[in-house]
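Happy to go through the labels on this one with you.

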Amino acid sequence: MHHHLLPGEGAWASGPMSCPQCRAPFHKSNVRPNKQLANIVETIKQLGLLPAKGQPEALCGKHEEKLKLFCEEDGEAICVVCRETLSHWPHNVYPIEEAAQVYKIKLQKSLELLLKEVDEVQKHAMVERTKTQECKEVVKKKRERIVTEFGKLHQLLAEEEKLLLQKLEKEEKIILQRINGNLTRLLELRSSLDKLILEIREKFQQSADGLLKG
């Protein structure tokens, strides 16, 4: 969708721009001068030479005659003398009042088309705003879902961590109990061995008769 501006209306000015009708912002690349509309406006300006009530009629700058005619090809008001010159003779010339009405109708049609286009721009802007809101809602829901899912995952991992630590603690107790049991048996065996060694050494100290008796 393009915005139409008349040549010279600052279409290429720097900075942000907005539509003079709907105030919607738009990029400069979407702006294009409407030469057809500019020509019609320029024609209306020429036809604006029609005097208001009580005002003197405009005069031709070349012939000092009243500007009563309008040359369609040149898009300017002319006098009856200009009409007879070679530059205007082959052209379509109308009474200025009639020409004014024709161009006002053309301008009205152009205005209606532009207003329709402005309406379309507003509709598209509304759609884009709706898309923006929908996008925000989707992102919000996804963000909430991610937070919820990771919250559940963190809780699950915490519970799993707790169970693993409890299991490890039980395994540690079992292993330590087994080790302590082994140490107890080894100490008992050592005590028995020490007693046996002591008995053997005592026998070494006995006489031959006593040793044989034992």
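Predicted model: local features only at pLDDT ≥ 70, side-chain atom pairs only at ≥ 80, totals over all residues.

Residues are numbered from 1 along each chain as its sequence is written, and side-chain values use heavy atoms, with hydrogens and water left out.

Q: Why is the pair of Phe70 and Tyr103 called edge-to-face?
A: Rings of Phe, Tyr and Trp (its six-membered ring) pair if their centres lie within 6.5 Å; planes under 30 degrees apart count as stacked, over 60 as edge-to-face and the rest as tilted. Here the centres are 5.5 Å apart and the planes at 70 degrees, so the pair is edge-to-face.

Q: What makes Phe70 buried or exposed?
A: Buried means under 20% relative accessible area, exposed over 50%, and partly exposed in between (1.4 Å probe, protein chains only). Phe70 has 0%, so this residue is buried.

Q: What about Tyr103, buried or exposed?
A: With a relative accessible area of 9%, Tyr103 is buried too.

Q: How do you know that the charged end of Lys106 sits over the ring of Tyr103?
A: The rule asks for NZ of Lys or CZ of Arg within 6 Å of the ring centre and within 35 degrees of the ring normal. The charged end of Lys106 sits over the Tyr103 ring, 4.7 Å from its centre.
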